[in-house]
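Thank you all for making the time this morning.

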Amino acid sequence: VHVKDGQTKTIRLVPSSLMIDEVVVVGYGSQRRSNLTGAVSTISSKELNNRPVVSAANALQGADPSVNLTFGTGSPESGYSLNIRGGISVNGGTPLVLCDGVEVPLNQVNANDIESISVLTGAAAAALYGSDAANGAIVVTTKKGQAGQLSVTVTSGIEIMTPFVLPEFQNRYGTGNLSSEMPAPQLSWGHRLNESNYMGYSPRDDYFQRGVVGTETVSLSTGTERNQTYVSAGAVNSRGIVPNNDYERYNFTFRNMP
């Protein structure tokens, strides 16, 4: 701009959202993705809510290629093995899990309360959270109230579990041992079985049962420019595939942002 003597020019700068880099919520405030030295991936609430899940751990399974999540059994309260690709340990190591800045077990977080999940690997996690995040960090951000609108969300889901692969058993001979006169109910070399004297044992029919997991969540979001409120209640009621394996969990969340 050329300005002549005695001439006045007014220059106004207009913000443009097209030039803003993606922002990632991390330990000490927000950072631009381009400024982080390690890989960072983010999973949005829309991706998490595409399928009904029991907890955030279930929601993370298969959602991020850098996360390796393996559950111990088919029951909802079972333990799991979690590691992030690129950890410094040969065995992968356990990453640090934070929910709104507080360290928590991932399977205790209600998946319907999650706004986003950021997975930090390598130096990005260690630089922000220290040695506890040497094997990576999973940062969970929960939902908050939206200004200027009132919304009520109700979700419900059901999951059916059944054994998929079972070991092969010998079902040709019944219990006992014909080569000895002593009773041996723990052995399976008794009389040959047929349709009239079938006394075999089938784990699928005689032991395992069909597992059922029901999840229900109701949430309320409201707020003004000065104050936002988010309230939710969730319940998980399940019956495992093993008899006498029942599990119940109830989550209550209240968040107010002045």
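This is a predicted model: local features need pLDDT of at least 70, side-chain atom pairs count only at pLDDT 80 or more; totals for chains, interfaces and linings use all residues.

Residues are numbered from 1 along each chain as its sequence is written, and side-chain values use heavy atoms, with hydrogens and water left out.

The secondary structure comes to four helices and 15 strands, where helices (H or I, at least four residues) and strands (E, at least two) are DSSP runs numbered from the N terminus. Of the 258 residues, 36% count as buried, and buried here means under 20% relative accessible area, with exposed over 50% and partly exposed in between, using a 1.4 Å probe and protein chains only. If we take contacts (heavy atoms within 4.5 Å) with a separation of 6 or more, residues 24 or more positions apart account for 58% of them.

Let me turn to the cores. A nonpolar core is a set of buried Ala, Val, Leu, Ile, Met, Phe, Trp, Tyr and Cys residues joined through side-chain atoms within 4.5 Å. The largest one has 21 residues, and those touching the most other members are L60, L82, L106, I114, I117, I138 and V140. At least two residues of this core come from each of α2 (56-60), β4 (67-71), β5 (80-84), β6 (96-99), β8 (114-120) and β9 (137-142), and α2 gives the most, with four residues. What does L106 touch, not counting residues up to four places away in sequence? The list is A56, A57, L60, Y80, L82, V97 and V140. There is also a second, separate core of ten residues, including L96, A133, A137 and V139.

Next, the cavity. On a 1 Å grid over the protein atoms alone, a cavity is a set of points where a 1.4 Å probe fits but cannot get out, and lining residues have an atom within 4 Å of a point. The structure holds one cavity of 30 Å³ or more, and the volume of the largest cavity is about 40 Å³, a volume being the space filled by probe spheres set on the points, which are joined across faces, edges and corners. Among the residues that line the largest cavity are V53, N110, T215, E216, V236 and R249, and β13 (211-223), β14 (228-239) and β15 (246-257) each supply at least two residues of that lining.

The structure holds one salt bridge, meaning a side-chain nitrogen of Lys or Arg within 4 Å of a carboxyl oxygen of Asp or Glu. In this model the side chains of R255 and D100 meet at 3.9 Å, N to O. R255 sits in strand β15 and D100 in the loop between β6 and β7 (102-103), 155 residues apart.

Finally, two single residues. N237 lies in strand β14 and counts as partly exposed at 30% relative accessibility, and its C-alpha atom is separated by 5.9 Å from that of V213, 24 residues apart along the chain. S116, in strand β8, is buried, with a relative accessible area of 17%, and, leaving aside neighbours within four places in sequence, S116 is in contact with T42, I43, S44, V139, V140 and T141.

Technical notes. On a 1 Å grid over the protein atoms alone, a cavity is a set of points where a 1.4 Å probe fits but cannot get out, and a pocket is an open set with protein on both sides within 12 Å along at least five of seven lines; lining residues have an atom within 4 Å of a point.
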